[in-house]
Amino acid sequence: MAGGSSTAGTRSARSRAASNGGGGRSRPEGPPFRKPAWPRAYSFALVTGALFLFSWLGQFLFQMAVESNEASQHGQSFAWNEFLPQFFASTFENWQSEFLQLIWQAAGLALFYYWGSSQSRESDDRMEAKLDALLRERGLDPDNP
């Protein structure tokens, strides 16, 4: 009986596909979930990269303006060989503090989750109590499975 119902279901699906193929828009052959086009597939990375470059360019321009103003206040000319090391040092200082925070949060939370911290996961006793309550609710004895 199960075989007949699945055969009937297959026949009806075939007949629908045949009737749709005649006058309507037919589906292209291939897997049901195709990979989207490159810009759409990587849109989050592209937007994040663009925001990163925009902010880094802004840091570069504003820090260059500050250095230029300081140099002119001291009666000196702007020097690239003094600016670039300072720019990269401030960039890496900022990145170091941000990445260390991010790594600690990601790695620390993963480590605490692995250890079974009470903040990250329920204790086994509490989970067993919930399961026992569900079994009792359905009229089953949790002590005799």
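1. Directly after helix α3 comes G75, whose phi is positive, near 75 degrees; helices here (H or I, at least four residues) and strands (E, at least two) are DSSP runs, numbered from the N terminus. The model is predicted, so that local features need pLDDT of at least 70 and side-chain atom pairs count only at pLDDT 80 or more, while totals for chains, interfaces and linings use all residues. Residues are numbered from 1 along each chain as its sequence is written, and side-chain values use heavy atoms, with hydrogens and water left out.

2. Of its 145 residues, 7% count as buried (buried is under 20% relative accessible area, exposed over 50%, and partly exposed in between, with a 1.4 Å probe and protein chains only). The chain exposes about 12,800 Å², of which carbon and sulfur atoms supply 61%; accessible areas come from the Shrake-Rupley method with a 1.4 Å probe, and for residues only the protein chains shown count as cover.

3. Confidence deserves attention before any local reading. The average pLDDT of the protein chain (the predictor's confidence in each residue, from 0 to 100) is 76, and 70% of the residues score at least 70. By helix, the mean is lowest in α1 (residues 2–23), at 48, and highest in α3, at 91. Over residues 1–19 the pLDDT stays under 50, and for this stretch the model has 0 contacts beyond four places in sequence, a contact being heavy atoms within 4.5 Å.

4. Helix α3 (residues 43–73) has 31 residues, which at 1.5 Å a residue should span 45 Å, and its end C-alpha atoms are 45 Å apart, in agreement with that value; the expected span is 1.5 Å times one less than the number of residues. Its buried residues are G58, Q63, E67 and A71.

5. E67 counts as buried because its relative accessibility is 16%, and, with neighbours within four places in sequence left aside, E67 is in contact with F78, F83 and Q86.

6. F88 is found in helix α4 (residues 80–115) and counts as partly exposed because its relative accessibility is 36%.

7. For helix α5 (residues 124–137), the 14 residues should span 20 Å at 1.5 Å a residue, and the end C-alpha atoms are 20 Å apart, which agrees. Just after α5, G139 takes a positive phi of about 80 degrees.

8. On charge pairing, the count comes to 1 salt bridge, defined as a side-chain nitrogen of Lys or Arg within 4 Å of a carboxyl oxygen of Asp or Glu. E137 forms a salt bridge with R138, with the closest N and O atoms 3.8 Å apart, and both E137 and R138 are exposed.
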